[in-house]
Amino acid sequence: MAAEALPDSAQSLAATIGWTLIPYIAVVSSLLFAIAPIADIRRIRVAQSTLSLPFAPFFFYMLQSALFLLYACVTSNKLLTATTMVGSVLGSYYVIIYYTYSKEKRLARWYLLLGFCFYALLLHGASVKSTQEAKMIVGVPGNIVMILTAVSPMSKLPDIIRRKDASCLPTGMSVMNAVAGAVWTLYGIMLSDMVVIFPNVISTVVGIVQVLLLVKYPPPSKAEHVV
């Protein structure tokens, strides 16, 4: 009996440790996501061109980070505040660099104007409601924007297939959509929280598709396709 109980105890301990570590792994994955676009941004700076990379993923990532920073303030979550602050700062940097070298500045300005108005509206709504209501006011749109961050590069899918070239996909973000999405999906399952599970399942699936496209249609070593 003792011999049989030992493996069960070991499995139980391993499961407990695993579930304890998942929240911290989720936070680390968010920080890795925040730095994932740096390589693509470096390419933009070196080429002094946006290449074939779309503006939307960088913009939605910045907006997503800003919304979840607001959510962290509403919920008084210090850990989430720290990670989303990093994401907000880096996301703003990515948008500034992209805008600097973009030839489609008018479109980028429209994105930024609408994003600012949207954020201001949610900020006002969160400031006049109870904490529970504010969580929904900010959390639900934040999840929608997170989904847009993941799926927006797929707007280039017809061009990718036609040209057999996936250089228009932001490589780091594509990989981290799959990795961070999977980790946060697992964390959501642990919490039994569909608000966490649903958007991250989508991010995971879309991220896997993007990685497969990058493998099937690898970008040329000197891809400098200007949008």
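Mentor: Start with a charge and a ring: Lys105 sits over the face of Tyr99, 5.3 Å from the ring centre. That label requires NZ of Lys or CZ of Arg within 6 Å of the ring centre and within 35 degrees of the ring normal. This is a predicted model, where local features need pLDDT of at least 70 and side-chain atom pairs count only at pLDDT 80 or more, while totals for chains, interfaces and linings use all residues. Residues are numbered from 1 along each chain as its sequence is written, and side-chain values use heavy atoms, without hydrogens and water.

Now the rings. Eleven aromatic pairs turn up in a search of the whole structure (Phe, Tyr or six-membered Trp rings with centres within 6.5 Å; planes under 30 degrees apart are stacked, over 60 edge-to-face, the rest tilted). For Phe55 and Tyr98, the ring centres are 5.2 Å apart and the planes stand at 50 degrees, so this pair is tilted. The pair joins distant parts of the chain, 43 residues apart: Phe55 is in the loop between helix H2 (38-47) and helix H3 (56-75), and Tyr98 is in helix H4 (residues 78-101). Helices here are DSSP runs of H or I, at least four residues, and strands are runs of E, at least two, numbered from the N terminus. Phe55 and Tyr98 are both buried (under 20% relative accessible area; exposed is over 50%, partly exposed in between, with a 1.4 Å probe and protein chains only). Both also belong to one aromatic cluster, together with Phe58, Phe59, Phe60 and Tyr111.

Another pair is Trp184 with Tyr187: their centres are 5.5 Å apart and their planes meet at 65 degrees, so the pair is edge-to-face. Both residues lie in helix H8 (residues 171-191), three residues apart, about one turn of the helix. Tyr187 counts as buried because its relative accessibility is 17%.

In the model, residues 78-98 are 100% helix and 0% strand, with end C-alpha atoms 30 Å apart. Residues 134-154 are 86% helix and 0% strand, and their end C-alpha atoms lie 31 Å apart.
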